[in-house]
Amino acid sequence: MNVLNLLFTKDGLICQIARNKSILEEKSYFVTEETPETLIEEKLDEILLKQRFDEIHVISALNHFTLMPEGFSEHEAGFELIAFNAPADREKEELMLSVNKKFGVQFYYTFPKNFYRKIKELAVPVHFNFSGEKFLNSINNKNNKEIHINLYHNQCEFFAIDNKKVILYNNLDVNSEVDFLYFVMFTLSKIGFGINETNFYAYGETTENETFISELQKFVKNMRIVFDNVPNKNFILN
């Protein structure tokens with residue numbers, strides 16, 4: 001069975017083609033000053049036309065989201081709730097829901113309608129999910145104050161967990177060590193996590209972001225790199 005895995009980040013697209021759990025191909029595309037703004041859409045078109053897929057898995061790490069307790073059912077309020085964090089356009093974005101039963105929370109998030117339609121038009125089974133839910137489901141939390149950071153290309157998502165309860169989630173751009181450290185330290189002070197009593201865990205593109213990690217380790221006592229992405233085994237997609 002040919003499976004297509006797609007991960008959408010704020011400025012990129014990572015795709016994997018797998019067969020029977022073996023990765024046949026993996027490619028990454030990122031918008032830069034040298035590339036057209038339409039690069040992601042163009043590459044998505046190429047990928048979808050490349051061959052016949054039996055199943056597609058789509059993960060969105062786009063930072064149009066809100067976090068709510070599991071069971072919240074006023075779905076029509078999803079756009080308004082997301083708008084507190086980021087501008088949401090009903091005409092251009094599809095409202096999606098992703099539930100994490102492990103921690104009893106759910107995510108409302110939006111996904112570009114033009115991408116959504118292109119993928120759905122293939123008429124094959126498609127599974128959509130939000131990166132925060134996928135990441136949260138992989139976390140093994142103990143009865144401690146913990147910070148879990150998943151790093152992407154110029155982006156990270158961040159969970160604060162206390163006694164198996166999600167205290168905070170955020171998904172933000174990371175362009176400088178100063179901004180990254182300020183965000184972490186500011187967050188700790190706001191939620192009352194002491195820096196010496198908190199365990200930190202890093203995942204994802206830790207090699208690409210080793211400067212961020214090394215700077216954080218200057219201030220953090222308990223720090224562990226759980227997973228470093230390697231080719232053909234992308235953390236968020238497996």
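**Note on the largest pocket and the overall fold**

1. β7 supplies three residues to the lining of the largest pocket, the largest share. Keep in mind that this is a predicted model.

2. How big is the largest pocket? Its volume is about 390 Å³. In total, 17 residues line the largest pocket. Closest to its centre are Thr9, Lys10, Leu62, Pro112 and Phe115.

3. Which elements give two or more residues to this lining? They are β7, residues 105–112, and α3, residues 113–120.

4. Now sort the lining of the largest pocket by class. Six residues are nonpolar, six are polar and five are charged.

5. Step back to the whole chain. The protein has six helices and 13 strands. Its radius of gyration is 18 Å, close to the 18 Å that the globule rule gives for 238 residues, so the protein is as compact as a globular protein of that length.

6. For the overall dimensions, look at the C-alpha trace. Along the principal axes of the protein, this trace spans about 50 × 40 × 35 Å.

7. What percentage of the 238 residues is buried? Buried residues make up 49%. "Buried" here means under 20% relative accessible area.

8. Next, the contacts. Take those in the protein with a separation of 6 or more: 58% of them are between residues 24 or more positions apart.

9. Last, the surface. The protein exposes about 12,100 Å². Carbon and sulfur atoms supply 48% of that area.

Note on methods. Residues numbered from 1 in each chain as written. Predicted model: local features only at pLDDT ≥ 70, side-chain atom pairs only at ≥ 80, totals over all residues. Heavy atoms only, no water. 1 Å grid on protein atoms, 1.4 Å probe; cavity = no way out; pocket = protein on both sides within 12 Å on 5 of 7 lines; lining within 4 Å. Points joined across faces, edges and corners; volume = space filled by probe spheres on them. Helix = DSSP H or I, 4+ residues; strand = E, 2+ residues; numbered from the N terminus. Nonpolar A, V, L, I, M, F, W, Y, C, P; charged D, E, K, R; others polar. Rg over C-alpha atoms; globule rule 2.2 N^0.38 Å. Buried < 20%, exposed > 50% of the residue type's maximum accessible area, 1.4 Å probe, protein only. Contact = heavy atoms within 4.5 Å. Areas by Shrake-Rupley, 256 points an atom, 1.4 Å probe, with all protein chains shown as cover.
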